[in-house]
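Please look over the sequence and the three-dimensional structure shown here before reading the notes that follow.

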Amino acid sequence: SRLDVVASIGQIFNFVIAAFLLKGRSYAQSGKHLSYVFLGIGITFMGLSASIRGDVIGKLIISIGVMSTPVLLLHFLIVFFWEKGRIRLPIRLVQWAYIVLGLISSMHLLFFAKSEIAYLVYRYNYNMNIPFFIVAGILNLAVLFYIYLRHRKINRDITIIVKSVWIALFI
């Protein structure tokens, strides 16, 4: 179907970008972390076709991929701004986000339980995916806003980078 083609193109596109970043910027930690963001998005696209058909593994891949993408982006931002501007941001944000992501993701194992339990977990899991994505996305925007406010008069290069990231996020 048309959606399968879109999912395949999205998957391949993101995997190619991730590979390019890993190969071209292998010396930079921020490049590696940005490639992980694209890898996560590619994996999410990979599960799309299977999820539409009702496959449990596809639903797991999409669920974990959607939740992990903003966390991976936050990790990238923290590493990137440390590398480019020696701006120290609290890494604890990422550590807590990974812990919450791990706890929510571990609940996915219940998808393989009896069908009544699996349906109940799926219903509540779906209700956790979107809020987690939104909260993590807002956290990313808050970090960018904090960097912008704190460095807008000190480091013009950093403010240009922050504005560029904002534009990229809203496109």
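Does threonine 44 count as buried or exposed, and at what relative accessibility? Threonine 44 counts as buried because its relative accessibility is 14%, where buried means under 20% relative accessible area, exposed over 50%, and partly exposed in between, with a 1.4 Å probe and protein chains only. This is a predicted model, in which local features need pLDDT of at least 70 and side-chain atom pairs count only at pLDDT 80 or more, while totals for chains, interfaces and linings use all residues. Residues are numbered from 1 along each chain as its sequence is written, and side-chain values use heavy atoms, with hydrogens and water left out.

**Overall build**

- The chain has 6 helices and 0 strands, where helices (H or I, at least four residues) and strands (E, at least two) are DSSP runs numbered from the N terminus.
- The C-alpha atoms of the chain fill a box of roughly 60 × 30 × 25 Å, taken along the principal axes, and 36% of the 171 residues count as buried.
- Among contacts (heavy atoms within 4.5 Å) between residues at least 6 apart in sequence, 62% join residues at least 24 apart.

**Surroundings of threonine 44**

- Threonine 44 is found in helix 2, which covers residues 29-52.
- Leaving aside residues up to four places away in sequence, threonine 44 touches Ile61, Ile62, Gly65, Val66 and Thr69.
- A polar atom of the threonine 44 side chain lies 2.8 Å from the backbone oxygen of glycine 40.

**Nonpolar cores**

- In soluble globular proteins, nonpolar side chains tend to be buried together.
- A nonpolar core is a set of buried Ala, Val, Leu, Ile, Met, Phe, Trp, Tyr and Cys residues joined through side-chain atoms within 4.5 Å.
- The largest such core has 19 residues, and Leu77, Phe81, Leu89, Leu144, Ile147 and Val162 touch the most other members.
- Helix 3 (56-85), helix 5 (115-151) and helix 6 (156-170) each supply at least two residues of this core, and the largest share, 8 residues, comes from helix 3.
- A second, separate core of 6 residues includes Met67, Ala97, Leu101 and Ile104.
- Phenylalanine 81 touches Arg86, Ile87, Leu89, Leu144, Ile147, Ile158, Ile161 and Val162, not counting residues up to four places away in sequence.

Notes. Polar contact = N/O pair within 3.5 Å; in protein donor to acceptor, adjacent residues only side chain to side chain.
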